[in-house]
Amino acid sequence: MPNIIITHAKAYTLNPQQPWAEAMVIEGNKIAYVGNNVGALGYKTSQSRLIDAKGRSLLPGLIDSHFHLYMGSLRLEDMQLSPVRKLTDLARVIQDYKESFPNKLWLRGQRLAYDITPGRRLNRFDLDAIESDRPLALASVDFHTLWCNTRALEMANILRGQKVKDGEIVMGADGLASGELREYGAMNLIYKLIPPLNQEEKLSLICQGIQEVVSYGITSLHCMHGNMQHLSSFRELEARGDFKLRAYLPYDVSPDTPLEALEQEALALKQTYHSDKIRAGMIKVFVDGVLESFTSLMVEPYANKDSLGEALFSDAHFKEVAVEADRLGLQIAVHAIGDGAVKRTLDGFAAARLQNGPRDSRHRIEHIELLHPSDLHRFKELGVIASMQPLHCTRPEVNHFEAWLEFIGKERYAYGFPWQDLREAGAKLVFGSDWPVVSMNPFLGFDAALNRQPWAMWLKSQAQSLHDTLAAYTCDAAYGEFQENQKGQLKEGMWADVVLLSENIFAVSRCDIKDLEAHLTICDGEIVYEKV
């Protein structure tokens, strides 16, 4: 097999024993040499692929530590609504979509902003004025709320409302459903009516998603939804040679999941799926929802609502799940956004350690948008990984998440998205996107991490250094899935997962980081993306 030789690079290896290099050699699916140009050219044969990096940055392949490849890919044909800010813009997008897909029974969109109707919530009357004939279902930017027109509510037989477990059908002043459905218990009443794709359609869309992923220099994903259908679809693509990256998947655990399923199903998936490309080995649990729909669990009430939010798992139930999963040697990843949910999760991890004894568990908390100061030290004490998403953090000067600040109030500003506080307290941080909630573009994530500004003058900066940001997307992310000895560094003997950037990232001003691109992506020794 011809080798690949990259020379004249500004290689930042993330290997503390050899931080910098100018050349690298790939043989098969492994890195054979990291060093200088002369040494690399010693590997040259008549079949070598020579790449002159021309002083651009060479990095380990990027790892997105919070991603939804299956769900996000299958919704690539939905209306993409993140740019929409007004009802008039929404009407135009929906009309264009109808013309493009005249035979679609359901009109479905995603990533719609909560503040599209300032001062109030979007309702079915707004949507009926745009489309009343075909059922319309629009997911919020965080996918925890679904807005529907009257036709969709009628088809689901929920216009007059009903009690829902793990969700809410919001009722209007007229005694009928307002059109707002909160959390998946309610949203699934609509989703189950939408005609499913066939398997070939699904695989084609997943391939589209994968190609977009590798075009950003991402070579590994920590997927945050998982079941046998996801894993078997990925394996089918792997067998075809079309799975051009690496994925680590969980087993989804809901409040209704029997405890014995952890051994019978989750552990069985770990034992079945363990290739270099597709692996299982963790469970995923949602302890709460999101602040924007008042479904995140708080220690103290919301600043703008007399409520502590909601919990999907009671304290006792989550401890039971955590103890059993930990006993089985499964990693646990927990969606916890409110400070009350984070506290409950840490309590569960502590109970598992007390019951089963300490081990290298590397349990994770996903999101941590708000952290009670009394819990800051517990991440290091319990060996818990903080899995956070820079683009989720409210940046009033950039995005539309400024309403988030109203939910917590100024007295809690210091505890929101506490990246640097967690780092200084000894926690291991890994970064990701949560695509399709926000863009998968890691360079936008770099920008958010590096250029974050305090929300008030009295606040400490939580902005990240360039080294720490890169580590959170590479070597530390590999640690977050127990693969720090296989990837995450440019180091001889490690897997050949590599990205060559469009420029030298260390010479680019911080304000221009977002404009970087991947010009070459190599995964498992194969060039999977190349920009001509």
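Which side chain meets that of Arg-240 in a salt bridge? Select Arg-240 and Glu-200: their side chains form the pair, with 2.7 Å from N to O. A salt bridge here is a side-chain nitrogen of Lys or Arg within 4 Å of a carboxyl oxygen of Asp or Glu. Arg-240 sits in helix H8 (residues 228-240) and Glu-200 in helix H7 (residues 199-214), so the pair links distant parts of the chain, 40 residues apart. Helices (H or I, at least four residues) and strands (E, at least two) are DSSP runs, numbered from the N terminus.

Before moving on, note the conventions. The model is predicted, so local features need pLDDT of at least 70 and side-chain atom pairs count only at pLDDT 80 or more, while totals for chains, interfaces and linings use all residues. Residues are numbered from 1 along each chain as its sequence is written, and side-chain values use heavy atoms, leaving out hydrogens and water.

Colour the pair by accessibility. Arg-240 is partly exposed at 41% relative accessible area, and Glu-200 is partly exposed at 46%. The classes are buried (under 20% relative accessible area), exposed (over 50%) and partly exposed (in between), with a 1.4 Å probe and protein chains only.

Next, select Asp-326 and Arg-359, a salt bridge whose closest N and O atoms are 3.1 Å apart. Asp-326 belongs to helix H10 (residues 315-327) and Arg-359 to the loop between helix H11 (339-356) and strand S19 (364-367), so the pair ties together parts 33 residues apart in sequence. Asp-326 is buried at 5% relative accessibility, whereas Arg-359 is partly exposed at 31%.

Then go to Arg-364 and Glu-366, where the closest N and O atoms of the salt bridge are 2.8 Å apart. Arg-364 is buried, at 0%, and Glu-366 is buried, at 0%. For a network, select Arg-121, Glu-168, Glu-180 and Arg-182, which are joined by salt bridges that share partners. The structure holds 32 salt bridges.

Now switch to the nonpolar residues. The largest nonpolar core has 120 residues, and Ile-283 and Phe-379 touch the most other members. Such a core is a set of buried Ala, Val, Leu, Ile, Met, Phe, Trp, Tyr and Cys residues joined through side-chain atoms within 4.5 Å. Centre on Phe-379: beyond its neighbours within four places in sequence, its contacts (heavy atoms within 4.5 Å) include Val-342, Leu-346, Ile-365 and Leu-422. Another core, of 26 residues, lies apart from it, with Leu-146, Leu-181, Leu-189 and Ile-190 among them.
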